[in-house]
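Q: I would like to go through the aromatic contacts and the charges over rings in this model. Could we take them in turn?
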Amino acid sequence: WKLYEPEEAKYEIGWIDSKKERLAKHRIKAILATPSGRKPMWMSEKYPEIRQVERNGQRQPSGERHNHCPSSPIYRQKVRELNTRLAERYAGHPALALWHVGNELRGECFCAHCLNEFRTWLQTRYGTLEALNEAWWSRFWNHTLTDWEQIDPRDGSVDGLQLDWRRFQNHLHVSFLENEIEPLKKITPEIPCTTNFMGFFPELDYWRWSEVLDIVSNDSYPSYDANDEMWKQAAATSLTHDLIRGMNRGDAWMQMECSPSCINWRRLNPLKPAGVHLAEVAQAVAHGANTVHYFQFRKGRGGHEKFHGAIVDHDSRDDTRVFQEVAQAGNWLKEMKIAVDSVAPRAEVALLHDWESQWALNASCGVRQPTAAGPEPHDAYHQLLFQHHRSWWQAGIPVDVLWPEAHDFAAQIRGRKIVLAPGQYLWKEEIAHQLRDYVHAGGCLVLSHLSGVVDASNRVLLGGLPGHGFHQAAGAKVEEWDMLRDDEQLPLQLEGKLSELPGQYHFSLAYGLLHLQGAEALAKPAAGPWTDRAIASLHAWGEGEVLILAANFCDTFYRDLARWLRDRHSLERPLELDVLEGVGVAVRDSVEQAQRFIFLTNYTSSPQPLALNEDMIPFSSKEHGSSTQITLQPYEVAVYTQALKVR
Ligand code: GLA
């Protein structure tokens with residue numbers, strides 16, 4: 001920003017002209033970022049109100065980045081003025097491909113202006129203080145508000161308030177984004193706008209952000225080292241990719257940032273083992289990305305990120321291992337260009353995701369949270385999501401991630417064979433109805449002990465859980481929750497239809513005790529105080545069925561259950577035979593070319609044998625000949641094609 005506007009209202013936009021000309025000459029397009037992620041020093045000093053105020057009331061100093069006040073009228077005005085000039089300067093420029101608006105926008109601010117805006121926002125949402133008090137259950141601990149001025153988001157004991165504060169902060173960021181986009185759209189309507197997301201970043205509801213963007217992009221920094229659990233990280237990354245694709249409504253998305261080697265901001269920043277970078281690039285493409293970009297091209301000599309991975313290192317050579325791996329990834333992308341018109345097909349399995357459920361759950365005192373010392377993720381909501389998604393990844397079945405608040409949610413779930421809603425804690429009546437209709441029409445819905453618990457204000461739903469009468473469709477109520485110590489796990493006794501699962505299983509953390517009302521018991525604890533109580537159930541309802549998996553089960557249970565459900569509901573399998581743990585399978589279909597692209601990746605450090613379907617053809621001569629029995633070398637990516645079957 002300082003280069004564009006060295007002093008207030010003195011603009012020097014032209015310093016990148018020559019760079020843009022050079023790009024245009026070589027027919028290279030550029031994504032031009034707006035600089036609002038970091039305010040210039042002069043502005044920060046002249047207008048202190050643009051700096052965020054911390055929870056303790058202290059205004060932040062001018063330094064750092066990503067710390068502007070998101071409601072500040074003056075900052076918004078400055079951003080608009082600069083964006084207007086950028087857009088005017090480069091409108092029609094052949095090298096301008098896309099606007100990258102801001103950078104990883106985030107943060108919360110407790111300044112007087114934000115607090116006042118929060119009160120106004122609440123007035124619009126609730127109308128009266130009575131309605132607000134009712135929604136926040138304020139009588140409890142004598143929190144009844146008698147004046148809007150008394151509202152203080154720092155009160156962590158009012159869980160409805162905490163949920164609304166998160167919603168409001170998110171709303172500010174979205175309106176900040178809209179304010180930035182407006183002049184860009186006005187002057188360059190044909191240039192799409194994006195901003196870079198941070199995957200599952202806990203404080204922001206990106207579903208709502210995605211509604212104001214033309215295309216969704218994401219930054220991906222998984223921590224891959226050579227340990228045997230790498231495939232679990234890969235599975236988690238594929239969930240993030242599926243989420244981003246979902247926010248782009250299934251269309252191709254952009255991976256805006258990744259590092260070819262290491263990052264520098266975790267305590268431990270290991271290098272990716274040789275070959276892993278290509279696997280990572282291919283994974284994004286396999287899950288629907290059509291571009292992969294880097295942070296950063298060249299390592300800076302100084303500053304906070306001088307040791308962050310880059311394509312070019314401090315000695316400016318192209319014969320380094322990293323440069324060569326990037327070149328290899330570039331060549332692979334060039335080869336894959338033919339697949340650019342393909343997209344991930346509509347998956348038969350959908351997983352529901354919703355930040356409001358996560359916020360409500362994490363603001364609710366008494367919910368069992370995983371220990372911070374254990375493996376990631378560290379919150380109950382994501383733990384369930386990761387476990388469920390991973391089991392389908394292991395079963396080799398693609399999953400779409402959907403947002404229950406989408407205006408066309410009913411249409412989005414219609415016809416899917418399985419819908420997973422294990423952490424759908426916030427249970428609006430409309431969503432409950434849509435899910436009920438889905439089951440009635442023949443769908444299979446999978447819930448957990450944390451599904452269907454509270455309303456939009458974080459108040460528990462009355463009359464039995466899952467709420468809004470959904471326990472009738474489920475044939476069971478989640479009556480109580482019990483919890484285990486951090487180091488404790490209990491064995492599982494399988495019953496009824498699940499007796500055929502092959503393994504010995506256990507569960508940990510927390511479990512719900514089911515009161516069966518027509519449903520069949522699928523599992524009970526084999527030890528502990530509640531051996532007579534079902535903790536998993538199945539109920540046929542209408543044309544469909546509801547499963548409640550009311551515990552944090554072990555990974556092998558989820559894996560075997562996903563396979564069981566896959567066979568029970570005759571899901572379409574990209575590979576007919578099971579894949580080994582650690583092999584990722586993803587598909588993209590091109591209707592135009594009547595072709596399917598199948599991406600197979602080995603995310604382990606040892607060779608993995610694999611059986612292909614008869615009709616799979618190697619995409620390039622480098623693949624494994626025409627045999628259907630292949631072995632994927634450590635971190636190897638192989639692409640196959642197949643004639644597209646009309647569904
Ligand atoms: C984020 C930012 C970049 C850079 C990288 C480092 O993604 O957008 O500016 O700081 O992190 O990993």
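Q: To begin, is Phe 110 buried or exposed, and what about Trp 165?
A: Phe 110 is buried, as is Trp 165; buried means under 20% relative accessible area, exposed over 50%, and partly exposed in between, with a 1.4 Å probe and protein chains only. This is a predicted model, in which local features need pLDDT of at least 70, side-chain atom pairs count only at pLDDT 80 or more, and totals for chains, interfaces and linings use all residues. Residues are numbered from 1 along each chain as its sequence is written, and side-chain values use heavy atoms, with hydrogens and water left out.

Q: How many aromatic pairs are there in the structure?
A: There are 28 aromatic pairs. Rings of Phe, Tyr and Trp (its six-membered ring) pair if their centres lie within 6.5 Å; planes under 30 degrees apart count as stacked, over 60 as edge-to-face and the rest as tilted. Phe 110 and Trp 165 form a stacked pair, 5.1 Å centre to centre with 25° between the planes.

Q: What is the geometry of the pair Tyr 221 and Trp 265?
A: That pair is edge-to-face, with 5.9 Å between centres and 90° between the planes.

Q: Why does Tyr 221 count as buried?
A: Tyr 221 counts as buried because its relative accessibility is 12%. Trp 265, at 45%, counts as partly exposed.

Q: Which residues do ring pairs link into a cluster?
A: The cluster joins Tyr 505, Phe 507, Tyr 511, Phe 553, Phe 557 and Tyr 558.

Q: Changing topic, which ring does Arg 139 sit over?
A: The charged end of Arg 139 sits over the ring of Trp 137, 5.3 Å from its centre. The criterion is NZ of Lys or CZ of Arg within 6 Å of the ring centre and within 35 degrees of the ring normal.
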